[in-house]
Amino acid sequence: MKDTLNIGIIGLGEIGQAHCDAFSQVGRARLVAVSDVDQTRLAETTARTKTRGYVDYRELLAHRDLDAVVIATPEQAHAIPCVLAAEAGKHILVEKPIATTLRDAENIIEAADAARVKLMVGFTLRFFPQYIYAKQSVERGDLGQLVSVFARRTNLITRQEKMKGRTGVLNFLGVHDFDVMRWIIGSEPESIFCEQATSVPSAYPVENETFAIIRFQNGVIGCGHFGWFLPENHPAGFDFKLDLTGTNGVLHLDMIRQGVEINTHQTHYPYLAAPLIAEAKAFVDSVLDNTPVPATGIDGLRATKMVIAAQESLQSHLPVTL
Ligand SMILES: NC(=O)c1ccc[n+]([C@@H]2O[C@H](COP(=O)([O-])OP(=O)(O)OC[C@H]3O[C@@H](n4cnc5c(N)ncnc54)[C@H](O)[C@@H]3O)[C@@H](O)[C@H]2O)c1
């Protein structure tokens, strides 16, 4: 029985760098190899993390001493590295969304099942204490019977240019809250209606701001507001909220006001949560202790089905049945 998991990270952009830092703080994990097609980024990361670097991730996967990989490539480029990682016998933590098509999501799940490796989806909200508290509060019945859920997830206006049209707000932001709604409500979605707004000029043919209304099988109504339109000088750089309404009361979750406010030439709210470390630890624990992963490939597939239904609704202006 192994006591340390040797990890490789494929894709060293915004979240790949954060995964390097997170895994370095997990006791039973050892980051041993990283991969990126960007050679400058790769060289900087290997120097910083003291790991082996590969431009071609297939060479990373060939390492026999590697047990598991994080796939942190862009949204539409998860399927092939995940399938090849499974075939190489590596356990997989794949970033959200698991994929941008149902076929890709199913291929990833089938490959992991066939190779009998763990497959976890990086639904980071499940590791924020605030969201865990909200779920537990619903489960305890604090709010009575849950009636509705409102989620907001918005980013700075500069995000659009960073993404350069590779994906819209539903895949980048909405999928987080679609997953968290299923997780908290404990029911599957029945239908989705989605409309888009044009708060910012669209430089790319993807949605910049959407409102999705979801009916769940147990009667709960969800509403998600997703966008990247916040001004560059926004004091937090993001706006993440969750409102739960029940027959007994309400719960308001506000990730901007986490308890520290700095006032200098402008007001600033530092981002305090460290959920990626908890997510990395949960992945390591599930592999080394052979316990279920907290967010499965099927969870990833179901959230992606919601994204695809919302995208269809944007086109038809009609509710889509799931
Ligand atoms: N969980 C979260 O909170 C969170 C936050 C941000 C992004 N994400 C998700 O993480 C994934 C990556 O997003 P990002 O913002 O870090 O993107 P990014 O563009 O910052 O980084 C992606 C990296 O992948 C590299 N890459 C592309 N193809 C590759 C290949 N074949 N082999 C090796 N490297 C390759 C790119 O060179 C780049 O460095 C996306 O699925 C995104 O939705 C999750």
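**Around the ligand**

Mentor: The shell around the ligand is made of 9 nonpolar, 7 polar and 7 charged residues. Keep in mind that this is a predicted model. In total, 23 residues surround the ligand. The closest are Gly 11, Gly 13, Glu 14, Ile 15 and Glu 95. Helix H1, residues 14-23, gives the most to this shell, with 3 residues.

Now follow the chain on from Glu 95, one of the closest residues. Strand S5 spans 91-95, and the loop between S5 and H5 holds Pro 97. The peptide bond from Lys 96 to Pro 97 is cis, with omega near -15°. Most peptide bonds are trans, and most residues other than glycine have a negative phi.

Next comes helix H5, residues 102-115, which pairs with helix H4, residues 79-87. Their axes come within 8 Å and cross at roughly 10°. Angles under 35 degrees count as roughly parallel, and H4 and H5 are therefore roughly parallel to each other. On the H4 side, the contact is made by Ala 79, Cys 82, Val 83, Ala 86 and Glu 87. H5 brings Asp 104, Asn 107, Ile 108, Ala 111, Ala 112 and Ala 115. By class, that contact has 8 nonpolar, 1 polar and 2 charged residues.

Step past the end of H5. Arg 116 sits in the loop between H5 and strand S6, 119-122. Arg 116 is not a glycine, yet it has a positive phi of about 55°. Is Arg 116 buried or exposed? Count the C-beta atoms around it: 9 others lie within 10 Å. A residue with 12 or fewer counts as exposed, so Arg 116 is exposed.

His 317 has a positive phi of about 60°, although it is not a glycine. His 317 is exposed, with 9 other C-beta atoms within 10 Å.

Finally, step back to the whole chain. It is divided into domain 1, 5-117, and domain 2, 126-270 + 304-321. The centres of the two domains, taken over C-alpha atoms, are 27 Å apart. Where they meet, 10 residues of domain 1 are in contact with 9 residues of domain 2. The side of domain 1 that touches domain 2 divides into 6 nonpolar, 2 polar and 2 charged residues.

Terms used. Residues are numbered from 1 along each chain as its sequence is written. This is a predicted model: local features need pLDDT of at least 70, side-chain atom pairs count only at pLDDT 80 or more; totals for chains, interfaces and linings use all residues. Axes are lines fitted to C-alpha atoms, for helices over the stretch in contact, and angles run from 0 to 180 degrees between N-to-C directions. Helices (H or I, at least four residues) and strands (E, at least two) are DSSP runs, numbered from the N terminus. Angles under 35 degrees count as roughly parallel, over 145 as roughly antiparallel, 65 to 115 as roughly perpendicular and the rest as oblique. Two residues are in contact if their C-beta atoms, placed from the backbone, lie within 7 Å. Ala, Val, Leu, Ile, Met, Phe, Trp, Tyr, Cys and Pro count as nonpolar, Asp, Glu, Lys and Arg as charged, and the others, Gly among them, as polar. Domain bounds come from an automatic or database domain assignment. A residue is near a molecule or strand if its C-beta atom, placed from the backbone, lies within 6 Å of it. A residue is buried if 20 or more other C-beta atoms lie within 10 Å of its own, exposed if 12 or fewer, and partly exposed in between; C-beta atoms are placed from the backbone.
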